[in-house]
Amino acid sequence: MTDGQGTDDTRRALILAGGGVKVAFQAGVLQVWLDEAGLRFDHADGASGGTFNLAMYCQGLSGRQIADNWREIRPMKGVTPNWPQLLKGPYASSLFTLDGYRRNVFRDWGLDWEKIRATDRVATFNLYDFSRNELEALTADRMDEDLLAAAVSLPMWFPPVTVDGRVYIDPVYVTDANIGEAIRRGCDELWVIWTVSRRGRWYDGFVAHYFQIIETAANSRLQEWQRRIDANNAAIGEGGRGEFGRAITVRTLQCEVPLNYLVNFSRDRFRQAVELGVHKARAWCEEQGIPLSAPLPCPAGDGSRLRFSETMTGGITFGSRAPGTRALRDGGPGRERLSVHLTVHIDELDRFLAHPEHRATITGRIHCEALGGRRDVESGTLHLLVEEGDPQHLRMRYRLFFTDRSGNPLTLSGCKTVDEDRGGRLWADTTTLYTRILRGTVSAAEEADAEVVATGVVRLRLPDFLRELASFRVRADTARGRVAALGRFGRFFAGRLWDVYFQRALTWSPL
């Protein structure tokens, strides 16, 4: 097996680990690994939600086709409460069934079991045979719709599936990534896509506890395998045979994906997870030195556009040393009044919502007498509620380019910090913009070395916030489309705030 990144005798395994519907992220990674990097694998293994992607992979779908299936998923079509069982209360077999997935989602994905069983790709699907108390790794030629449903039948949420008199459930409590199967089949390079959370944040409540138990089982099992592999490699490095008789390389792409494992009703949330996978995989491949072909274009959207206006006022102090918040509020020597009157333009709402950078353009003006009075913003950008290392550490980043009264270029760099570690100050976090005035036209990459002219804080006051809400304008083909676009933006903004401030109610927003 050769593909430009390995040697002739390298045997690679693709490990599609579980993670509920967080595996939409996995689909974005597959678009990059399979299509843009051209990677080929000698074996593929799927567990829990990862078996969805494994089934499409076995059918011969490209990475882009797998990703598009998740981009276009209509999550409500898969939701089917188990009404008859719910009447039994605590003795119900499950809260939901997989009938919606069987009738709708599998059909929309175009799953063809004859093609899947006839695949020439070596693959194993993991199920737990509860009747025999053992893990089974079934090859693709043995799979069908019932067994795929069994592979994701998480106890309590979905009923077990009985096949030939044997009861099958999701194998998640035994494994969420069957590393042993890949090693047993002779693979010495394991490419793992891991979406089970490793943040180590404990939340109360039965639903949170359920998934935290899964995280405990899945992460500890993966770490156990990593320790065994490390010990094996160390023994071989010292001239011994090691447990597996050959060196094993594990290449893991792990991400905290801001999707609930099961409770998700938003199509945009799935698209965001897919694009996050694409974004992270491209960056990961660059770090690993894996060459990529030209990026595949993003799917076309519906053309909806949106704009709104925002006014913030406060002050700046000249010099590189930032005064404290109290000094800015109370005034003092050297403080100059600063106000910004901005219009935010989102030209392609679909792309804005899906792409991890959530980038919009800005027009408007900056008013500061010490900088020349009213100055037009020549160009500007806003990255709205973007991750900074963690989905619960978000930033709103403004970058405005203008000139002073003498025509000298200046840059206003501003940041609002939306962070769970700041004590739940939702209003203050979302309305307080910490600003720096920099000399020259300064990009984000150049900011660390730029000359600081002034620092300060501007705030969105309540009357200005109400005017901002009234300023929203949407362009779409129909009135219904305008209402839908406004609703999608509102759900995006509220959902991202939920992700930071309201996880104790439900981990990650369902909308």
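Contact here means heavy atoms within 4.5 Å. Helices (H or I, at least four residues) and strands (E, at least two) are DSSP runs, numbered from the N terminus. The structure is a predicted model, in which local features need pLDDT of at least 70 and side-chain atom pairs count only at pLDDT 80 or more, while totals for chains, interfaces and linings use all residues. Residues are numbered from 1 along each chain as its sequence is written, and side-chain values use heavy atoms, with hydrogens and water left out.

Begin by selecting helix α3, residues 63-71. The buried residues are Gly63, Arg64, Ile66, Ala67, Asn69, Trp70 and Arg71. Show next α1, α2 (50-58), α5 (99-109) and α10 (267-288), against which these buried residues pack.

Of its 93 residues, Trp33, Trp70, Ile179 and Leu190 touch the most other members. Helix α1 (residues 23-36) contributes the largest share, nine residues. A second, separate core has 43 residues, including Leu306, Ile346, Leu349 and Tyr501.

Centre the view on Trp33. Leaving aside residues up to four places away in sequence, Trp33 touches, among others, Leu14, Phe41, Trp191, Leu253 and Trp284.

Now colour the salt bridges (a side-chain nitrogen of Lys or Arg within 4 Å of a carboxyl oxygen of Asp or Glu). A search of the whole structure finds 33 of them.

- Select Glu181 and Arg184, whose side chains meet in a salt bridge at 2.7 Å, N to O. They are three residues apart in helix α8 (residues 179-184), and are therefore separated by about one helical turn. Glu181 is buried at 9% relative accessibility, whereas Arg184 is exposed at 59%.
- Select Arg399 and Glu447, which form a salt bridge at 2.5 Å, N to O. Arg399 lies in strand β16 (residues 393-403) and Glu447 in the loop between β18 (432-439) and β19 (452-459), so the pair ties together parts that are 48 residues apart in sequence. Both Arg399 and Glu447 are buried.
- Select Arg439 and Glu451, whose closest N and O atoms are 3.2 Å apart in a salt bridge. Arg439 is partly exposed at 41% relative accessibility, and Glu451 is partly exposed at 44%.

Key: Core = buried A, V, L, I, M, F, W, Y, C linked by side-chain atoms within 4.5 Å. Buried < 20%, exposed > 50% of the residue type's maximum accessible area, 1.4 Å probe, protein only.
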